[in-house]
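Subject: Handover of a structure, with notes

Dear colleague,

Please find below the structure that I am handing over to you, together with its sequence.

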Amino acid sequence: MKGRVAPPDRLARLRAIPIFAGLPDDSLARVAAAVDELEFPAGHVLIQPNEPGTGMFVLEDGAVTVELRGRTLELGAGEFVGELSLLVPGATRSGRVRTAAPVRCFAIGRRELEELLESEPGLALAMLRALAARLLREA
């Protein structure tokens with residue numbers, strides 16, 4: 001994360017995503033320096049079950065289908081996937097994530113996410129709230 005500088009428009013684009021929206025400017029700048037920007041076509045598999053987690057994806061645009069234990073969940077812009085295997089030591093991916101439409105996203109590696117969560121408690125709280133809301137929707 002050290003030494004990386006984000007493109008100027010990245011801050012505004014990150015600010016539009018709910019888990020980053022409430023972060024102070026200096027915190028958002030740290031997030032912007034830690035993420036990579038990726039694009040995938042429809043039908044691309046982002047995450048395979050039982051694989052080790054190496055990072056998470058925050059969707060800026062597009063949609064994904066999460067196939068998890070016999071059920072399917074659709075997530076779109078502003079949502080994130082792949083975080084659970086990063087938050088639990090030794091965990092592997094619990095489901096398959098496939099792009100349902102072309103996706104533009106921000107990717108955060110395991111090490112970068114750990115550093116951000118330790119230094120930015122506001123991000124950890126925003127992720128916790130988003131995960132809790134997702135659980136309530138699916139209950």
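This is a predicted model: local features need pLDDT of at least 70, side-chain atom pairs count only at pLDDT 80 or more; totals for chains, interfaces and linings use all residues.

Residues are numbered from 1 along each chain as its sequence is written, and side-chain values use heavy atoms, with hydrogens and water left out.

The mean pLDDT (the predictor's confidence in each residue, from 0 to 100) is 92 for the protein chain, and 96% of its residues reach 70 or more. Among the elements, helix α4 (residues 84-87) has the lowest mean value, 89, whereas strand β7 (residues 96-99) has the highest, 98.

The protein chain holds six helices and eight strands, these being DSSP runs numbered from the N terminus (helices: H or I, at least four residues; strands: E, at least two). Read from the N terminus, the order of elements is α-α-α-β-β-β-β-β-β-α-β-β-α-α. The radius of gyration (taken over C-alpha atoms) is 14 Å, close to the 14 Å that the globule rule (2.2 Å times the number of residues to the power 0.38) gives for 139 residues, so the chain is as compact as a globular protein of that length. Of the 139 residues, 42% are buried, that is, under 20% relative accessible area with a 1.4 Å probe, protein chains only.

Four strands form an open sheet in the order β1-β8-β3-β6, with antiparallel pairing; two strands count as paired if DSSP finds at least two bridges between them. The edge strands are β1 and β6, each of which pairs on one side only. Helix α5 packs on the sheet, touching β3 and β8, and its direction makes about 75° with that of β8 (axes are lines fitted to C-alpha atoms, for helices over the stretch in contact, and angles run from 0 to 180 degrees between N-to-C directions).

Within this sheet, β3 (residues 55-61) is mostly covered, with six of its seven residues buried. Six bridges pair β3 with β8 in the antiparallel sense, and two bridges join β3 to β6 (residues 80-81), again antiparallel, with Val58 standing opposite Phe80.

Cys105 lies in strand β8 and is buried, with a relative accessible area of 1%. Leaving aside neighbours within four places in sequence, Cys105 is in contact (heavy atoms within 4.5 Å) with Asp36, Glu37, Leu38, Phe40, Phe57, Val58, Leu59 and Glu60. The C-alpha atoms of Cys105 and Ala77, which are 28 residues apart along the chain, are separated by 8.6 Å.

Lastly, the buried residues of helix α3 (residues 25-34) are Ser27, Leu28, Val31, Ala32, Ala33 and Ala34, and they pack against α1, α2, β1, β8, α5 and α6.

With best wishes

How values were computed: Buried means under 20% relative accessible area, exposed over 50%, partly exposed in between (1.4 Å probe, protein chains only).
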